[in-house]
Amino acid sequence: MKEVLQFENVSMHYHTKQGETVAVQNLNFSVSEGEFAAVIGPSGCGKTTLLSLAAGLLKPTEGEVKNSGVRFGYMLQKDELFPWRTIEKNIFLPLEIQKTDTAEHRARALALAEKYGLKDFLKSYPSALSGGMRQRAALIRTLAVDPDVLLLDEPFSALDYQTRLSVCDDVYKIIRSEHKTAVLITHDISEAVSVADKIVVLSRRPARVVSTHTLAFPEKEPLKRRENKEFSTWFELLWRELNT
């Protein structure tokens with residue numbers, strides 16, 4: 001498969017008055033078209049920096065990030081829906097920002113919203129929606145500009161455990177149904193194993209690639225994967241790698 005994102009010997013140094021901080025060092029990995037990749041690592045190891053480098057928001061101090069000219073969509077930890085805008089107008093926001101707010105693009109965004117269960121909430125304000133529905137709206141907003149690659153920065157971390165499982169399942173199905181490539185940043189091993197085709201394990205800061213694993217579960221849905229006996233085997237392996 002075509003590689004749409006490549007990190008080649010990438011390092012990122014931050015400079016402050018207190019001195020230099022090396023966030024990531026000599027990262028090497030790639031993500032292929034249509035792949036759902038998860039990047040796991042200890043808290044504060046530089047996972048979010050990795051996403052910013054992928055999207056071109058940061059330029060690496062050393063090495064090169066190649067992205068094949070793809071369009072990125074960025075989904076944050078919180079839904080960040082504007083409370084004074086209806087769900088419909090929140091979904092249209094990226095179109096306004098990118099100056100692609102045409103009738104055709106609005107129709108596509110609304111079709112996505114209706115397809116994935118938001119039809120009855122388009123005229124509602126975010127406060128009227130549950131946490132799970134808000135996160136679904138945030139994903140539709142991200143998809144509105146038809147990105148090639150979705151960058152997911154711990155998008156379920158603000159939800160309670162039960163909602164988190166359900167929303168993770170929903171988001172996974174939507175991404176697969178829309179045939180998108182995805183890179184998920186998470187510190188939750190179970191979450192990574194439940195969704196990923198590939199898992200990249202990072203060390204403590206400065207983050208280096210400890211290992212890369214390819215998963216081949218027969219089950220596609222996250223909740224069903226969790227019932228597979230191989231799930232616990234993968235969890236234990238990744239737990240050891242994160243804590244060595």
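In this predicted model, E88 comes out as buried, because its relative accessibility is 14% and anything under 20% falls into that class. This glutamate has its place in helix α2, which covers residues 87-97. Leaving aside residues up to four places away in sequence, E88 touches L110, L122 and K123.

Next comes strand β8, which spans residues 198-202. Five of its five residues are buried, so β8 is largely enclosed by the rest of the structure. It's worth looking at the two sides of the strand separately.

What does β8 pair with? On the one hand, β3 and β8 pair in the parallel sense, over four bridges; here V39 stands opposite V200. On the other hand, β8 runs antiparallel to β9, and five bridges join the two. In that pairing, K198 stands opposite T214. The link from β8 to β9 is a hairpin, made through six residues.

Strand β9 also holds H213. With a relative accessible area of 13%, this histidine is buried, because the cut-off is under 20%. Its side chain makes a polar contact of 3.1 Å with the side chain of S211. Not counting residues up to four places away in sequence, H213 touches a whole set of others: D197, K198, I199 and V201, and also W234, L237, L238 and E241.

Of those contacts, W234, L238 and E241 turn up again among the buried residues of helix α8, together with F231 and L242. Seen down the helix axis, the buried residues of α8 fall within an arc of 95°, so they line one face of the helix. What lies over them? The cover includes the strands β3, β8 and β9, along with α6 (189-195) and α7 (222-225).

Finally, at the start of α8, a side-chain oxygen of N228 reaches to within 2.7 Å of the backbone nitrogen of E230.

How values were computed. Residues numbered from 1 in each chain as written. Predicted model: local features only at pLDDT ≥ 70, side-chain atom pairs only at ≥ 80, totals over all residues. Heavy atoms only, no water. Buried < 20%, exposed > 50% of the residue type's maximum accessible area, 1.4 Å probe, protein only. Arc of directions from axis to C-beta. Contact = heavy atoms within 4.5 Å. Polar contact = N/O pair within 3.5 Å; in protein donor to acceptor, adjacent residues only side chain to side chain. Pairing = 2+ DSSP bridges.
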